[in-house]
Amino acid sequence: LAGGATGAVALGTGTVTLDGDGDEVVAGGETVPVLGAPGAEILVLAGQSGERPVWFVVSASDAGVEVLAEEGVDLTRALGRVRLSDTRIPAENVLGAGADEVAAIAAVLQCAEAVGVARWAQETSLAYAKIREQFGRPIGSFQAIKHKCAQLFIRLEVMTSSVWDAVSAADSGDRKQLALAAARTATVVRREAVDVVLEALTLLGGIGNTWEHDIHLYWRRVVSLLALGGSQDAWARRAGELALTTEREAVLGVPDRPEFRAGVAATIAEAAALDPVEPYGLGADTAAQLILAEEFDRAGVPQPSTVIGEWALPSIFEYGTEEQMERLVVPTLRGEIIWCQLFSEPGAGSDLASLTTSATKVDGGWRIDGNKVWNSKAYEAHWGICLARTDRDAPKHRGISFFLVDMSAPGVEVRPLREANGDSMFNEVVLDGVFVPDADLVGAPGEGWKVARTTLANERVAMGNTPVASGYRFDPVEVARSLDPDT
């Protein structure tokens with residue numbers, strides 16, 4: 001620690017075996033590739049002693065110790081194997097660390113480094129997309145590049161959160177929590193970091209494939225971390241097996257509100273004894289919603305959900321009329337009304353304010369014409385929250401209004417979008433001369449974007465509480481059961 005010596009650690013046993021007991025043991029065989037072995041003075045190695053791996057310490061200058069340098073993918077780090085020939089190890093140099101704990105700590109450290117490397121690559125490629133021009137425009141202004149940059153950032157945030165969770169588990173001192181969190185992080189991060197750096201490399205275009213740019217050094221680093229950290233399948237299997245017996249006790253770390261938490265806990269405890277459980281609204285803000293989710297989970301009570309209704313109702317509460325609230329809120333909370341969201345359009349996805357669906361004023365209400373897409377629940381929804389342009393001459397964010405659309409009204413057509421796997425999770429909704437009465441306009445004409453921001457804010461809170469890893473959602477218990485169906 002004072003800088004007087006360098007060290008290296010083997011993360012596997014290789015072919016090394018240990019014989020003997022008591023005052024001295026004898027080691028022989030060859031280790032797995034060890035980072036930093038060439039030039040290291042202190043070597044922490046592992047050998048198989050009977051049925052279990054045992055870590056021990058030798059000096060590079062000890063009799064029977066030979067370091068064999070190897071050429072690795074990462075050009076910035078020395079790599080080598082250590083060959084032991086009847087190397088005698090005093091008892092005080094035999095360590096007591098368990099194999100699983102060493103592997104878990106090593107995985108967390110490697111994943112933390114991999115995330116740091118991936119973040120450099122993501123930030124570098126994003127900066128390049130802002131200045132590299134094609135056809136007289138920065139390439140970052142093109143939708144394909146814009147979407148890729150956004151996706152890289154999201155993937156990186158998922159990896160970062162996973163590592164923070166594993167570090168938190170390591171700090172807790174609970175070995176079971178560390179084992180599970182480390183296995184999950186190793187499953188989520190290691191392969192994903194390689195893919196993120198490679199995607200960033202492609203954003204750099206031709207220069208990214210040359211020795212002139214440093215990104216190849218970062219790509220080499222994450223590839224070497226993946227190779228040295230063990231099998232990806234083995235980590236995934238370990239995560240599934242651990243999930244059968246251990247539940248991750250993660251805390252989001254939101255600022256606590258003891259009085260509010262106590263009230264929520266008391267209400268949920270009372271509701272838990274009811275049959276059936278009936279949902280009630282609390283007007284909870286972001287932090288309160290997260291506390292609610294934690295307390296439902298702690299009580300073991302499934303949290304009632306109206307899904308898209310939870311995004312629609314806050315907007316009606318804040319900007320709607322008393323009549324709209326009396327007519328729609330209570331039935332929604334009782335589960336009698338299902339909602340869908342009619343925001344995105346074929347030509348207005350990322351840039352939602354560019355929507356072209358029009359709402360023309362007619363006697364007693366509005367005529368709405370246009371196409372909406374990627375609408376979940378539209379096939380069974382009773383009502384939809386819809387953005388439509390009511391003033392084509394106003395700036396695009398100010399000419400939009402927020403409507404409540406009866407999905408059974410004439411002119412509403414729902415078309416399922418068939419996916420590659422045959423499912424139809426999303427829909428396209430065609431609005432052809434749909435009449436919406438004045439009573440179903442939320443807020444004033446032209447204030448739709450302000451109302452929609454409330455909807456989108458609540459949508460983000462709901463999505464932020466959904467577990468995501470490497471672009472897919474999974475239940476670790478179900479994954480574990482798939483590994484051992486008899487359990």
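Two strands pair if DSSP finds at least two bridges between them. The legends below describe close-up views of a predicted model.

**Figure 1. Pairing of strands S12 and S13 in the predicted model**. Strand S12 covers residues 358–362 and pairs with S13 in the antiparallel sense. Five bridges join S12 to S13. Serine 358 has aspartate 369 of S13 opposite it. The hairpin of S12 and S13 has two residues between the strands. In this hairpin, glycine 364 adopts a positive phi near 85°.

**Figure 2. Strand S17 with S13 and with S16**. S17 spans residues 426–437, and S13 spans residues 365–373. The two pair in the antiparallel sense, with eight bridges between them. Valine 429 of S17 stands opposite lysine 372. S17 also pairs in the antiparallel sense with strand S16, residues 412–417, through six bridges. Glutamate 428 in S17 is the bridge partner of arginine 415.

**Figure 3. Tryptophan 374 and lysine 377 in the loop between S13 and S14**. Tryptophan 374 is in this loop and has a positive phi of about 60°, although it is not a glycine. With a relative accessible area of 57%, tryptophan 374 is exposed, because the cut-off for exposed is over 50%. Lysine 377 is placed in the loop between S13 and S14 as well. Its phi is near 70°, again a positive value in a residue other than glycine. Lysine 377 counts as partly exposed at 29% relative accessibility.

Figure 4. Leaving aside neighbours within four places in sequence, the residues in contact with glycine 384 are Trp339, Cys340, Leu342, Phe403, Leu404, Val405 and Met407. Serine 59 is 325 residues from glycine 384 along the chain, and the C-alpha atoms of the two are separated by 71 Å.

**Figure 5. Hairpin of strands S5 and S6**. S5 pairs with strand S6, residues 52–59, in the antiparallel sense over eight bridges. Leucine 45 has phenylalanine 56 in S6 opposite it. Two residues lie between the strands of this hairpin, where glycine 50 has a positive phi near 70°.

**Figure 6. Glycine 39 in the loop between S4 and S5**. Strand S4 comprises residues 34–35 and strand S5 residues 42–49, with glycine 39 in the loop between them. Glycine 39 has a relative accessibility of 66% and therefore counts as exposed. A C-alpha separation of 28 Å is found between glycine 39 and alanine 118, which are 79 residues apart along the chain.

**Figure 7. Proline 90 in strand S8**. Strand S8 consists of residues 79–90 and contains proline 90. Proline 90 has a relative accessible area of 31% and is partly exposed, because partly exposed covers values between the 20% limit for buried and the 50% limit for exposed.

**Figure 8. Threonine 160 in helix H2**. Helix H2 runs over residues 143–172, and threonine 160 lies in it. Threonine 160 has 15% relative accessibility and so counts as buried, the limit for buried being under 20%. Apart from neighbours within four places in sequence, Val115 and Arg119 are in contact with threonine 160. A polar contact of 3.0 Å joins the side chains of threonine 160 and arginine 119.

**Figure 9. Crossing of helices H3 and H5**. Helix H3 includes residues 175–203 and helix H5 residues 232–243. Their axes come within 8 Å and cross at roughly 145°. The crossing of H3 past H5 is left-handed. From H3, the residues that meet H5 are Ala179, Leu180, Ala182, Ala183, Arg184, Ala186, Thr187, Arg190 and Arg191. Their counterparts in H5 are Gln232, Trp235, Ala236, Arg238, Ala239, Leu242 and Ala243. By class, the residues of this contact of H3 with H5 are ten nonpolar, two polar and four charged.

How values were computed: Residues are numbered from 1 along each chain as its sequence is written. This is a predicted model: local features need pLDDT of at least 70, side-chain atom pairs count only at pLDDT 80 or more; totals for chains, interfaces and linings use all residues. Side-chain values use heavy atoms; hydrogens and water are left out. Helices (H or I, at least four residues) and strands (E, at least two) are DSSP runs, numbered from the N terminus. Buried means under 20% relative accessible area, exposed over 50%, partly exposed in between (1.4 Å probe, protein chains only). A polar contact is a pair of N or O atoms within 3.5 Å; within protein, one must be able to donate a hydrogen and the other to accept it, and residues adjacent in sequence count only if both atoms are side-chain atoms. Contact means heavy atoms within 4.5 Å. Axes are lines fitted to C-alpha atoms, for helices over the stretch in contact, and angles run from 0 to 180 degrees between N-to-C directions. A crossing is left-handed if the near helix is turned anticlockwise from the far one by less than a right angle, and right-handed if clockwise. Ala, Val, Leu, Ile, Met, Phe, Trp, Tyr, Cys and Pro count as nonpolar, Asp, Glu, Lys and Arg as charged, and the others, Gly among them, as polar.
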